[in-house]
Every structure is written in C-alpha cells, then in structure tokens.
Amino acid sequence: MSAVKLIVSAAALVMASAAHAGLVGKGFSTFYAHPDITTAYSGASVSPSTFTVGAGNETLFDVEGVTQISVDFSDNSLALLLTTSLLAPTWNSTSFNGLVFDLISGGPLDIVAAAVDPTTTMTGFDASRVSFDSGRIAINWSGLSYVDGTKVIVNFTNAVPEPPSWLMVVGALALLGGHRSIRRRQQQPVHVPPAA
C-alpha cells in the first residue's frame, strides 16, 4: 500500500472516530439518588453497578423490592422501563429522586441537548428533569406518579466535530498530495533535445 493511501486511510479512521460522539462503547457507574443527587439511596440496589453501553439492557435497578427499572442505552437515547407491584405509586418529592449515571470510560460525553421522546408515558416528565454534563447524566422524577409498564425515553443530541478540525485534516491531506505530486515530477527523467 502506498504511503499516501495509508495516510488517507488513517485520516479517514481518525475522522470517523472523531465524528462518533454517541454513547455506545462508553462506560458508566450508576446509583439511585435520594433525597439529593449526591446521596445514594440505601433502599435501592442496581446490578450491575458499572457497565459499557452496547446491545440490550445495560442494568437493572430494584427500589425497595417493589419497583424495578430496566436501563437500555443506545447510541443517542436512554430508555427506562418501570415495573411495579404497587397500584399507582408516586416518587417522594425531594430535591432529587432518580437515577445517576457517571461516566467512567470513553469520555467525555458530547451531549448538547436532551429531549423527551413522545412515547414516554410518565405524566409530567419533561426535559427539565434530565440533566447532563461532560461526565454525568441524571434522571429526576421527584414527585411524579407511575404505574406498572411506565416508559421514560430520552433522546440525546450529540456534538459533532468542529469545522476547524475537519479543515485541518483536509488541509493536511492536500499538502501531502501536493508533496507527492512534486516528488513525482522531480523523479521523471529530463529529456534533453539532441544537439543541432
């Protein structure tokens, strides 16, 4: 493989990985927080408490033995399914009552926006209840009610590489191509016209 083809292939790989700002492959640790976002609630367990986002459900919460919450991340969304043995429970109203996902590998998170999917069935759950930064996603359903089978789905918008990054790669490739073209011309034999 020529040096230019090798460089172009490497640049394409770098650009593809830079362009992927989703959640697949990122590792998280998680806990149920209540009554505030810094306090792990002792009445809840999660298994496993650390995971890498991939195919299928990543983890399962059990809250007080009566409500289970399955967690399924995709590249740009989070789907939560609540099952419960209670008739129509309501989460205690505190400053925070919900799930916290802390990034432990593959970061940073490049989330720029979060929107609640219209298929969400938890009344009152809106985008103001989703918080995120470069290392954390938090879901706060404090004070809201739910039933067996309630779904919460959040869609994330991820950042894309800034145009200067793309321009630098394109510029570097153009320079390499120009350098190779000059080298070829220099290596061609010079034709000297015959003496008259």
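What follows is a walk through a few selections in this predicted model.

**Stop one: a charged side chain inside**

Start with Glu-58, in the loop between β3 (50–52) and β4 (59–63). What is the nearest side chain of opposite charge to Glu-58? It's Lys-26, and that one is 13 Å away, so no salt bridge forms, given the 4 Å cut-off.

**Stop two: ring pairs**

Next, pick Tyr-32 and Phe-61. With planes at 70° and centres 6.4 Å apart, these rings make an edge-to-face pair. Here strand β1 supplies Tyr-32 and strand β4 supplies Phe-61, so the pair links parts 29 residues apart in sequence. Tyr-32 counts as buried at 4% relative accessibility, as does Phe-61 at 0%.

How many aromatic pairs does a search of the whole structure find? There are 11. To see a cluster linked by ring pairs, select Phe-28, Tyr-32, Tyr-41, Phe-51, Phe-61, Phe-73, Trp-91, Phe-101, Trp-141 and Tyr-146.

**Stop three: the nonpolar core**

Color Ile-69, Leu-99, Phe-101 and Trp-141: they have the most contacts inside the largest nonpolar core, which has 32 residues. Strands that each supply at least two residues of this core include β1 (27–33), β5 (67–73), β7 (98–105) and β11 (150–158). Apart from that core lies another, of 5 residues, among them Phe-31, Ala-33, Phe-96 and Val-100.

Zoom in on Leu-99. Leaving out residues up to four places away in sequence, Leu-99 touches Phe-31, Tyr-32, Phe-61, Ile-69 and Trp-141, among others.

**Last stop: a loop arginine**

Finish at Arg-129, in the loop between β8 and β9 (130–132). Among the residues Arg-129 touches, not counting those up to four places away in sequence, are Gly-124, Asn-140, Trp-141 and Ser-142. For a distance check, its C-alpha is separated by 9.9 Å from that of Ala-114, 15 residues apart along the chain.

Note on methods:
Residues numbered from 1 in each chain as written. Predicted model: local features only at pLDDT ≥ 70, side-chain atom pairs only at ≥ 80, totals over all residues. Heavy atoms only, no water. Helix = DSSP H or I, 4+ residues; strand = E, 2+ residues; numbered from the N terminus. Buried < 20%, exposed > 50% of the residue type's maximum accessible area, 1.4 Å probe, protein only. Lys, Arg positive; Asp, Glu negative; His and termini not counted. Core = buried A, V, L, I, M, F, W, Y, C linked by side-chain atoms within 4.5 Å. Contact = heavy atoms within 4.5 Å. Phe/Tyr/Trp six-rings, centres within 6.5 Å; stacked < 30°, edge-to-face > 60°.
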